[in-house]
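Here's a quick tour of a protein chain, from its overall build down to a few aromatic rings. Have a look at the structure first.

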Amino acid sequence: MTDRYAWLGPAPADGGVLLVAQAGYHLPELDRLRDALGRRGVPAALAVPVVPWKPLHRFRPTVRRLADTVAASGRVPSDPVDIGELLDRVAAVVVMNDWGVPRTLVERAQRAGVPTFAWVEGVQDYDDVDTGLERQAYRRVDHVFTLGEASRRLLGADRSTAIGSERISRLWQTPAGEPTDTVLVNSNFTYGVRTDARRGWLDGVVDVCEAEDRPWVLSRHVAERGRVSYPVSDRPVDELLAGAGHLVSRFSTVALDALASGIELAYHNPHGEQEPTFADPMGAFTVTRSVDDLRAVLQEPPRARDDVRAGAEAFLRHHVLLDSSTTPAERAAAIVADAVG
């Protein structure tokens with residue numbers, strides 16, 4: 001947690017909206033929200049948390065991720081500003097999660113009477129069935145912008161609105177390319193959740209790919225810690241998806257990205273995850289619980305991407321709002337602008 005933040009670029013005029021970024025992949029969503037608010041006459045600006053420096057901090061994933069966020073923005077951060085000064089000048093706060101680092105900001109904003117919003121950054125273990133934590137994810141802010149109706153109902157229709165995802169909507173609307181034989185392996189054992197299963201999971205997936213003579217490429221979540229025994233691609237996961245025929249992944253938002261792109265998904269869960277999002281594939285993908293299950297999937301060539309999309313539509317619409325009449329950022333901006341008058 002921290003009580004200091006740095007603006008990424010100019011601070012907003014008094015009465016503006018504070019948008020908090022904690023990772024590079026938050027920037028596109030928040031930049032679009034800033035622009036949408038601006039079109040409504042509401043100034044907004046992005047800021048990043050500034051974690052107090054302590055020995056060995058350079059090894060902490062949170063600290064590295066915040067430094068990468070600043071680098072990805074291409075902007076020069078301001079000098080650190082304490083929370084009290086921030087809240088004196090802003091009319092609302094938007095975060096991408098409301099536990100961990102931003103929790104202090106959210107709680108102090110609420111005590112100061114400043115409306116707080118959270119834009120759900122991806123699939124979530126809302127009830128912490130696998131995390132072993134008690135995060136109370138997205139239960140602290142006043143209002144939550146969810147990916148879709150499933151999570152809106154879970155968090156409460158009176159305090160949440162389904163707005164979708166800028167990224168997933170873009171993938172859904174982009175013409176599908178041709179599938180390839182490449183298997184994208186998505187390693188996403190992060191934040192201490194089932195990290196003990198990673199080595200066995202990776203070994204099993206790679207063994208199957210090589211036994212079936214399928215070319216494969218490994219992507220790791222930016223927050224995943226520790227060394228792995230396999231070469232890791234340095235290309236962004238969205239680029240890797242574009243060249244894949246299958247995605248093999250545990251619980252991850254990348255699984256939704258794959259389905260929206262028309263890429264075959266194997267939700268590989270030999271380690272017994274309990275979070276329910278991917279438990280019912282609704283005909284969209286295959287759940288594999290052993291290397292034999294995964295081998296059966298990878299023995300089949302990938303289907304045409306349009307066919308994968310068609311089969312995944314019911315599942316995607318259950319979890320993600322795909323309404324193209326307006327954008328997720330515009331939907332969120334309307335609610336924030338109304339709250340600040």
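## Overall build

In the protein chain, take the contacts between residues at least 6 apart in sequence: 70% of them join residues at least 24 apart. Keep in mind that this is a predicted model.

The protein chain has 12 helices and 13 strands. Its radius of gyration is 20 Å, which agrees with the value near 20 Å for a compact globule of 341 residues. Along the principal axes, the C-alpha atoms fill a box of roughly 60 × 50 × 35 Å.

Of the 341 residues, 54% count as buried. The chain exposes about 14,800 Å², with 49% of that coming from carbon and sulfur atoms.

As for charge, there are 39 positive and 48 negative side chains, and the centres of the two sets sit 5 Å apart.

## Aromatic pairs

Searching the whole structure turns up 10 aromatic pairs. One of them is Phe251 with Phe278: the ring centres are 5.8 Å apart and the planes meet at 75 degrees, so this pair is edge-to-face. Phe251 sits in the loop between β11 and α9, Phe278 in the loop between β12 and β13, 27 residues apart. Phe251 counts as buried at 11% relative accessibility, and Phe278 counts as buried at 0%.

Then there's Phe285 with Phe315, also edge-to-face because the planes are at 85 degrees, with centres 5.1 Å apart. Here the loop between β12 and β13 is linked to helix α11, 30 residues apart. Phe285 is buried at 9% relative accessible area, and Phe315 is buried at 0%.

Note on methods. Residues are numbered from 1 along each chain as its sequence is written. This is a predicted model: local features need pLDDT of at least 70, side-chain atom pairs count only at pLDDT 80 or more; totals for chains, interfaces and linings use all residues. Side-chain values use heavy atoms; hydrogens and water are left out. Helices (H or I, at least four residues) and strands (E, at least two) are DSSP runs, numbered from the N terminus. The radius of gyration is taken over C-alpha atoms; the globule rule is 2.2 Å times the number of residues to the power 0.38. Buried means under 20% relative accessible area, exposed over 50%, partly exposed in between (1.4 Å probe, protein chains only). Contact means heavy atoms within 4.5 Å. Accessible areas come from the Shrake-Rupley method with a 1.4 Å probe; for residues, only the protein chains shown count as cover. Lys and Arg count as positive and Asp and Glu as negative; His and the chain ends are not counted. The place of a charge is taken as NZ of Lys, CZ of Arg, CG of Asp or CD of Glu. Rings of Phe, Tyr and Trp (its six-membered ring) pair if their centres lie within 6.5 Å; planes under 30 degrees apart count as stacked, over 60 as edge-to-face and the rest as tilted.
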